[in-house]
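Hi there,

Here is the structure I promised to pass on.

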Amino acid sequence: MQIKKNYILITILLLIFLLILSPRIDNSYPTHIDEWHHITESIKLNYQLPSGITAAKAGFHYVLLILGSLTNLILIYKFLPALWAILTAIILFHIIKNQTNHLKSSFLIAIATIIFFASIKSNANLTGLWFFTPLTFSIPFIYLYIYLFSKGIQEQNKKLIIYSLAIIIFLIPIHSISVLFAIPLLTIYLLSNLNYLKKEYKFFLIFLLIPIIGIIFYMQIMNLGFMPAIADILSQLQFKHGWGVLEANNSPFELYSLIGYILAVLGVFYLITNKENLKKYLIYLIWPITILISIFIFKQTGISYLSPYQRNLYYFAISLPFLSALGLYYLIKKINPNTQKKKILTFILIIIILFLTFQSYYKLPEKMQLYQNINQNNYESLQFLKTQPLNPNTKVIAPALIATTIYPITNHQPLATTFFYGDRNLLFQFFLSKDCNTKNQIIRKYNVSYVLTNQAINCNWEIIYDKNNNMIYKV
């Protein structure tokens, strides 16, 4: 029986790998400006220590730096989201199986949980499992520290609570928002176990390490004193409308399926009608409730505290798979107990739910479709640019999306990119202008050495590369 279960688990994991990889199977390169940004910052660690606000995710950049020292990071990046999704699914499976080991259907609930987890959607605005970013890197650690914290308090096991604290501290320099969003959740759960808190209040004072380490870390990366750092942190923890690159009126179905929500509601009903289960799984109820309150506050005030509205949508989505799995378990329990009939009805029910769960998986909002920064022809032209003399004091002009990839591939500095670096309006001004004088003024002012374009520019510059509609001018 155990061998059969192992085969089922391995099959599900392989399907998850293919599901997450599928949207970028035809694209050999990173697909999102965030991914290129993090690769850029990881390469810069070879030459300088992290500083400023980008250093807040330096831990993730060091992970990429290590990977980049072992292989060609750009060419293997497309596989990282799928591989990380498998790792997350394995961790989540074992967490849920351990938590539900008192139930006969613990294996079914754990399998259903990772299937609902894999069904969480992604798009270019909210990102998600299709991308390898600090957010997705943090997800397995979020599941772990919430599980260890709740289990440690339930069993009054200080060792598990310390493990949870260690993971939280580990996440601070990787993606601090993946810690901040959970502060209300962990606080409310701790207060719900007030007797244990009173008994061990001295022990729980160690959680003051979280803000202390966070403040010290912030002081270092921003080069601020203690009081200025406190003031700046309080300001930074208010994420106002317009924080994201694209501020959209997101639908709840952008991330999770309708059937997933319905089953999650059934899962909540199952818990609140069973006092023993409610106590055991209370943290999985508090989690989505605290996020929904934060989302409601943002909708009313235009300000999201501790974590941005866009991230809260994702933290809400990853709180639901276990509840959906419990809802499915509850539904199956209610099926006619006749053994043979129950097996047939259960099978039909599962097939219908799987279909409804994934039927709109690839349906993305119009403005949030996946995009390519570069194709094979662009990559070849950048490989040529890489062979050209490198001067850190000069710049390269290229269309905004391609410009995002210039530094990671060539080590040349782009004048500007889509986001993060430089003023992209300069790129629009340069490429939209038909006047060579305007172009040359920008070139002289910003010390530009090369222009990469997919359209010929007749300004008497020396062309050093011309292949497959990709041209590089030396100016």
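Lysine 151 is in contact (heavy atoms within 4.5 Å) with Asn98 and Leu160, leaving aside its neighbours within four places in sequence. Lysine 151 sits in helix α7 (residues 134–154); helices here are DSSP runs of H or I with at least four residues, numbered from the N terminus. At 19% relative accessibility, lysine 151 counts as buried, a label for residues under 20% relative accessible area with a 1.4 Å probe, protein chains only. Its C-alpha atom is 8.6 Å from that of glutamine 99, 52 residues away along the chain.

Please note that this is a predicted model, where local features need pLDDT of at least 70 and side-chain atom pairs count only at pLDDT 80 or more, while totals for chains, interfaces and linings use all residues. Residues are numbered from 1 along each chain as its sequence is written, and side-chain values use heavy atoms, leaving out hydrogens and water.

The average pLDDT (the predictor's confidence in each residue, from 0 to 100) is 88 for the protein, and 95% of the residues score at least 70. Helix α5 (residues 80–99) has the highest confidence, at a mean of 96, and helix α14 (residues 226–236) the lowest, at 70.

There is also a helix pair to look at. The axes (lines fitted to C-alpha atoms over the stretch in contact, with angles from 0 to 180 degrees between N-to-C directions) of α21 (residues 376–386) and α22 (residues 400–410) come within 10 Å and cross at roughly 45°. The contact involves residues including Tyr379 and Leu382 of α21, and Ile402 and Ile406 of α22.

Best wishes

How values were computed
Helices (H or I, at least four residues) and strands (E, at least two) are DSSP runs, numbered from the N terminus. Buried means under 20% relative accessible area, exposed over 50%, partly exposed in between (1.4 Å probe, protein chains only).
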